[in-house]
Amino acid sequence: MLDAVRQSLSEVIVAALGELGVEEPKVVLETPPRRELGDIAWAGALPLAKALKRPPRAIAEEITARIATAVQTAPPESPLAMLAPETRVEGPGFCNFRLRRGAFLAHALTAPATAAAEPGKVVVEHTNINPNKAAHIGHLRNAVLGDVLVRCLRRLGHRTEVQNYVDDTGVQVADVVVGFLFLPEEELATVAGRVWHEVESGHGPLRARVLAAFAAREKAGTLVSDVLGEPDFDDLCWDLYPRVTHRYDVDEVFAAHRAEVLHAVEAGFPPDLTLADAVFSLLADGDTLDSRLSTLDRAGGGAIARVAAAVAEANLRCHLITMGRLGVAYDLLPHESDILGRGFWKRAFELLRASGAVRLEREGKNAGCWVMSLADSPEFAGMEDADKILVRSNGIVTYTGKDIAYQLWKLGLLRDPDGTPHDFGYRPFARFAHDGPAAEVRYGHGGRELERTTSNPAERPAGAPFGGGARVFNVIDVRQSYPQKVVKEAIRVLGYPEAAEASIHFAYEMVALTPKAVRRLESTQGLTFGLSDEDLRKPFIEMSGRRGIGVEADALLATLVGEAGKAIAARAGESIDTADLALRARAIAVGALRYQMARQSRTRVLAFDFDDALAFEGDTGPYLQYSAVRARKIFDKLGEKGLAGSVEGDTEAVRGAELPDGLWDLVLGCARTREMVAKAVASLEFSLVASHAHDLAQLFHKLYHDNPVLHAPDEQTRSLRRAVFRLFAAEIGDILESLLGIPVPAEM
RNA sequence: GCGCCGAUAGCUCAAUUGGAUAGAGCACUUGACUACGGAUCAAGAGGUUGGGGGUUCGAGUCCCUCUCGGCGCGCCA
């Protein structure tokens with residue numbers, strides 16, 4: 001309704017300005033800084049003063065007079081009828097308008113939350129965690145921002161598809177495979193034994209025990225645990241990976257395995273090869289693994305690639321569970337192996353060559369490479385070397401090259417010569433349940449299906465086609481800006497300037513650790529990261545998977561759940577049901593975490609600190625959740641006393657009433673949600689939605705103390721307060737659960 | 001060197017994209033539950049928006065410049 005009033009009002013102002021001789025007037029309506037000034041403001045008279053050669057106040061007076069007439073003569077069904085007849089000119093020439101409070105509230109109580117469907121699909125790619133170790137808090141920022149973007153887009157009526165890209169054939173997965181196959185087996189067994197206890201009690205050589213446990217658990221489906229705090233495969237890799245990279249630095253022979261494994265991974269494996277068979281072939285004949293590996297590899301058995309696929313899939317499933325705990329769901333898992341296997345790059349390369357966007361360098365430092373020239377683009381002006389290599393001199397495509405192919409597909413522009421879309425095959429990856437907008441996403445059962453890509457286009461389950469977005473958002477941290485620009489430029493030079501503009505890099509700053517947080521990690525985990533005094537004097541310290549410096553997402557969530565549980569128990573006093581407590585603790589932990597990620601501007605480095613993250617009071621998720629719980633409690637109590645009233649009754653009671661300023665502030669605030677969501681999407685600043693929610697909660701908490709409903713002095717006052725809080729309860733619940741993904745617990 | 005980002009209260013962050021008196025939280029001081037639940041509220045104190053120029057009716061916001069900090073600028077992904 002607020003939007004409709006503003007729309008009508010701006011039309012009237014446009015018409016009035018036209019009569020004053022202003023050509024193509026642009027009217028921007030604002031909200032006055034203080035409520036006593038009014039509800040809607042127009043500051044446009046000020047900049048017109050010079051052009052019209054009149055004092056701004058005189059212009060404003062004339063405009064308001066015309067508006068007053070329009071309001072008075074507006075038919076009752078017109079949005080203009082929501083405006084109060086008096087308008088004021090204040091300050092140097094601000095026009096301030098007021099709404100008819102009772103009528104506006106009555107309308108807000110009964111208006112359905114409609115969102116007209118917008119044309120064109122939007123594709124959002126986020127999360128994209130390398131499937132070689134557990135998710136850390138930096139990935140949480142990515143997933144939460146991406147997820148909130150998706151929720152806001154859907155609220156605005158956009159059909160939105162969520163993709164989580166899986167780099168399953170890269171060096172980082174290969175590094176973990178190197179760890180399993182070549183790390184000294186005592187070290188490997190120590191790491192693996194912490195998670196796979198059967199390794200400690202088994203028989204035979206240690207490496208064989210570890211690999212056997214891997215295969216047995218993969219077959220049994222026990223690599224991944226959905227119990228928070230129980231270590232599983234991604235935790236094992238979190239330990240293993242830094243040991244591998246460290247060993248690369250000190251052991252040349254060991255380091256040579258990296259390229260061997262990567263080659264083997266790229267060669268792929270036969271689809272019917274089981275992990276157990278792969279492991280068996282790697283360990284067969286009692287030979288030592290190291291001497292057999294190159295032989296096996298040359299034979300093309302695919303055993304190593306099979307192990308890599310198992311590593312990637314198990315980590316991916318861990319990541320899905322981690323994000324599922326926060327209520328983050330996906331539609332599709334595009335795999336890098338399928339981008340290659342399905343020949344995406346081959347086709348994209350043909351298109352790039354045909355359009356002349358790439359050329360083969362004959363000489364110079366890039367001799368033998370296929371490069372894309374960026375020299376003609378102003379975006380890259382001033383660069384010393386404005387060429388980007390897409391195909392290396394050894395014939396292997398770079399990551400950026402693959403990304404161009406993938407982006408073309410996302411935009412629906414990757415087509416075969418006959419014009420048909422060059423598409424993936426698809427296969428179900430997991431079933432999942434998502435019971436409520438902020439509920440935990442649970443895998444393994446449920447009514448929804450998550451798909452993954454395959455290399456076989458004949459595999460095609462029923463359902464909506466993927467890709468082909470009219471707009472594509474890539475949620476990737478700001479350090480990837482340069483390759484993202486290259487991808488965008490490639491789309492442009494291929495002859496799709498509109499699609500290039502519709503390719504949006506949602507860049508956000510990285511998550512780092514405060515030195516205090518790093519020291520706490522070292523002391524609680526008994527580790528030493530070997531940071532210098534100089535490092536520890538910095539404002540923040542970058543996380544590093546290679547060095548093992550980071551906070552695991554699950555570990556943080558587990559700590560939060562534990563702290564929230566303690567807080568609940570302390571408040572509840574006597575014993576409460578443990579299942580109930582777990583549910584509430586989860587809601588509060590997720591609320592605290594998601595709000596912390598959403599409330600900060602995306603352009604600032606998030607220096608993670610445990611004390612900040614574990615705060616439950618003040619400007620935090622739980623503060624917002626408490627406001628929602630409190631509001632609902634009012635209606636519980638009213639219900640017990642038979643005073644709950646009804647929407648219809650309250651609507652009639654408030655229609656002609658005058659609301660005091662405080663209550664009115666809350667009503668108007670609730671009405672501004674859609675405006676804030678639209679601004680957030682336009683600027684990709686979801687701190688706007690977070691702070692909007694905070695503003696509403698704060699207003700409510702203030703009003704709560706002075707506006708008792710149950711003990712209201714009279715029936716009219718009660719229905720007025722009840723109506724306002726009814727509106728708030730619905731609004732805050734919706735903002736928290738549907739837009740921010742923050743669950744509202746039954747009790748706190 | 002070139003490019004991008006940041007610098008706002010002691011600390012962590014906002015500021016509706018150029019609007020009216022720069023706001024929250026934490027910490028600090030004081031006060032409020034026989035109450036619709038105190039994860040709350042009321043009050044106090046805390047600011048030359050990094051420095052300096054400029055643009056205009058108006059600048060934390062735009063332009064120039066300087067300082068400090070961070071991140072990019074791979075035949076890595």
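An open sheet of four strands, with the order β1-β2-β4-β3, is paired in the antiparallel sense, where strands are DSSP runs of E of at least two residues, helices are runs of H or I of at least four residues, and both are numbered from the N terminus. Two strands count as paired if DSSP finds at least two bridges between them. At the edges of this sheet stand β1 (29-30) and β3 (83-90), each of which pairs on one side only. Strand β2 (residues 40-42) runs antiparallel to β1 and is joined to it by two bridges, with Leu29 opposite Trp42 in β2.

The model is a predicted one, in which local features need pLDDT of at least 70 and side-chain atom pairs count only at pLDDT 80 or more, whereas totals for chains, interfaces and linings use all residues. Residues are numbered from 1 along each chain as its sequence is written, while chains are lettered from A and ligands numbered from 1 in the order in which they are written.

The domain assignment of chain A, whose bounds come from an automatic or database source, gives domain 1 (2-99), domain 2 (171-316) and domain 3 (621-739). Between the C-alpha centres of domain 1 and domain 2 the distance is 70 Å.

Helix α11 (residues 252-267) has 16 residues and reaches 24 Å from its first C-alpha to its last, close to the 22 Å expected at 1.5 Å a residue; the expected span is 1.5 Å times one less than the number of residues. His257, Val261, Leu262, Ala264 and Val265 of α11 are buried, a term that requires 20 or more other C-beta atoms within 10 Å of the residue's own, with 12 or fewer for exposed, partly exposed in between, and C-beta atoms placed from the backbone. Seen down the axis of α11, the buried residues fall within an arc of 165°, so they line one face of the helix; the arc is that of the directions from the helix axis to the C-beta atoms. On the other side of α11, Glu252 and Ala259 are exposed, and just after the helix Gly268 takes a positive phi of about 80°.

Elsewhere in the chain, strand β14 (residues 471-477) has five of its seven residues buried, so it is largely enclosed by the rest of the structure. Strand β5 (residues 121-125) pairs with β14 in the parallel sense over four bridges, and Glu125 stands opposite Asn474 in β14. Strand β15 (residues 503-508) also pairs with β14 in the parallel sense, over six bridges, and Ile504 in β15 is the bridge partner of Phe473.

A further open sheet has three strands in the order β17-β16-β18, with mixed pairing. Its edge strands are β17 (541-542) and β18 (606-608), each pairing on one side only. Strand β16 (residues 511-513) and β17 are antiparallel and share two bridges, and Leu513 stands opposite Ile541 in β17.

By class, the surface near RNA strand B has 36 nonpolar, 25 polar and 23 charged residues, where Ala, Val, Leu, Ile, Met, Phe, Trp, Tyr, Cys and Pro count as nonpolar, Asp, Glu, Lys and Arg as charged, and the others, Gly among them, as polar.
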